[in-house]
Amino acid sequence: MADQPIPLRRYFAANTVALAPSAVAIAALYGAGFLAGRPALIAMVGIAVVTAVLVQRYLASLARFARFVGELSDEREPVMPRLSFAPATEELATAVAMLSIGWRRQRASIDNLAASAQAIVDGLPDPLIAVDRQRRVVRINQAAVALLGPVGAERDLSTAMRHPQLLSAVDALLETAPDGNFIATDQSAVEFVLAGPPELDVIAHLRRLPRAAADGSLALIVLHDTTAQRRAERMRADFVANASHELKTPIAGLAGFIETLRGPARDDVAARDRFLGIMAEQADRMRRLVDDLLMLSRIEQHEHARPDREIDLENVLRGVLDLLQLKASSRGVAIEFAVAAGLARAVGDHDELTIVFQNLIDNALKYAKPATVVRVTAEPAEPGRVAVAVSDEGDGIPAAHLPRLTERFYRVDNARSRQLGGTGLGLAIVKHVVNRHRGRLDIQSTPGKGSTFTVTLPAVGWLGGNVTPQGVTPS
Ligand code: ADP
């Protein structure tokens, strides 16, 4: 780059300072008569010319040095200029260049540290926000951006989160006494609901750092989503309440009948026989309920462990159909059973799958209209899977109920389910077993026409084949 012209004022000022001692000396010699006027003038002009050249070179070197020092703070390393006529400046420039190399190295490692710190903060799965003493957002990680959207740096925390409980907890954490010491302890937690959608239950853990960090961060806010935990707690509480409620009714019934048999109906043989019949039914209902509850809890306990046995689905289904044949006949319902030729074996647990198909076929028989057909088919599904479908020609299920059908104790019609001996747990058991098998349960239903429940399971091998009727059971 070309040298900048030296400002005239500075050039003249420097020349005046450099010439002043010589001018004073020549003037004194001339005044004292040691020097004639003409030689004095010639000497003065000579000294002025040499001084002007030297001053110009020196000032140019200094200007180049100043520019070099200025350029050291740029991103690119500048080229060291030639600084002839200014030897001291050259040494200074070399020292400054060394200083700048060390400074650049330090700055690179500081940049690295800052990038690693941000990478660590971004890697945290929970949203994190750091605020300074004035409650302004200094740092925010990716999880927080995903939850709250982008938050402008240096903005007050309230622009990102308008929750009064959180803001007052942060204020309390940052509040200082007149002596400058913090008033509150260095950590606290506050729970609140984050407006949706979806609405989230959140707990914010607040922590004040012992002293402000280099970027000004003084308090850290970590948000923890407790929605799933809360939902599980609510479900557990609902489940216990529902289970107790289901048991309470038959127990109250039994207690009432025992009371009656001990008192007014003590000698009434006909009433006693009738009551004992009802009591047996109630006891049976409690037994079924307890059996289903135990089964559900057992499956839940090992739901994460996938079964690995090879299962002949036709065998499982035939066993279930044999068990339910009597019920089908008594309700006047025919069962049509078809298995695809050469159907692949499934990966699963024989006893658990028996319970699954028992529940599904039992439901189909329960909710089917009399003199209709329940169809059970087993066929290959998508590659590597086999599907068992149970269809009935019953009343069907309105679409609004379908998503909740596999919840414990969820029934479309409470009275009807109880009257048919249902516990409200059958489909919950089916869902858990199917989950454990890494399978899928699909429910299709048309109100007034009927329903189809399809269980898809992993197959041991793919053999293919068409569905051919294996047997039709007349009603
Ligand atoms: P339940 O013991 O009451 O049958 P389930 O968990 O097996 O309990 O089923 C839950 C609810 O789903 C039932 O109460 C019933 O309302 C509905 N449902 C299940 N299967 C059928 C079906 N095949 N047809 C119509 N409704 C059904």
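This report describes the domains, nonpolar cores and ligand surroundings of a predicted model.

## Domain layout

The domain assignment divides the chain into four parts: domain 1 covers 8-102, domain 2 covers 124-225, domain 3 covers 241-301 and domain 4 covers 309-474. Taken over C-alpha atoms, the centres of domain 1 and domain 3 are separated by 114 Å.

## Nonpolar cores

The largest nonpolar core comprises 44 residues, and those touching the most other members are L313, L317, F357, I361, V374 and V386. At least two residues of this core come from each of four elements listed here among others: helix 8 (313-330), helix 9 (350-367), strand 9 (373-380) and strand 10 (385-391). Further elements with at least two residues each include strand 7 (334-340), strand 8 (346-348), helix 11 (426-436) and strand 12 (450-458). Helix 9 supplies the largest share of this core, eight residues.

Apart from this core lies another, of 20 residues, which includes A130, A144, L206 and I221.

Leaving aside residues up to four places away in sequence, L313 touches L343, A346, A378, V386 and V388. Of these contacts, V386 is itself one of the residues that touch the most other members of the largest core.

## Ligand surroundings

The ligand is surrounded by 20 residues, of which R411, V412, S417, G422 and G426 are the closest. Helix 9 and helix 11 are the elements that give two or more residues to this shell. The most comes from helix 9, with four residues. Classified by type, the shell holds eight nonpolar, nine polar and three charged residues.

Note on methods:
Residues are numbered from 1 along each chain as its sequence is written. This is a predicted model: local features need pLDDT of at least 70, side-chain atom pairs count only at pLDDT 80 or more; totals for chains, interfaces and linings use all residues. Domain bounds come from an automatic or database domain assignment. A nonpolar core is a set of buried Ala, Val, Leu, Ile, Met, Phe, Trp, Tyr and Cys residues joined through C-beta atoms within 7 Å. A residue is buried if 20 or more other C-beta atoms lie within 10 Å of its own, exposed if 12 or fewer, and partly exposed in between; C-beta atoms are placed from the backbone. Two residues are in contact if their C-beta atoms, placed from the backbone, lie within 7 Å. A residue is near a molecule or strand if its C-beta atom, placed from the backbone, lies within 6 Å of it. Ala, Val, Leu, Ile, Met, Phe, Trp, Tyr, Cys and Pro count as nonpolar, Asp, Glu, Lys and Arg as charged, and the others, Gly among them, as polar.
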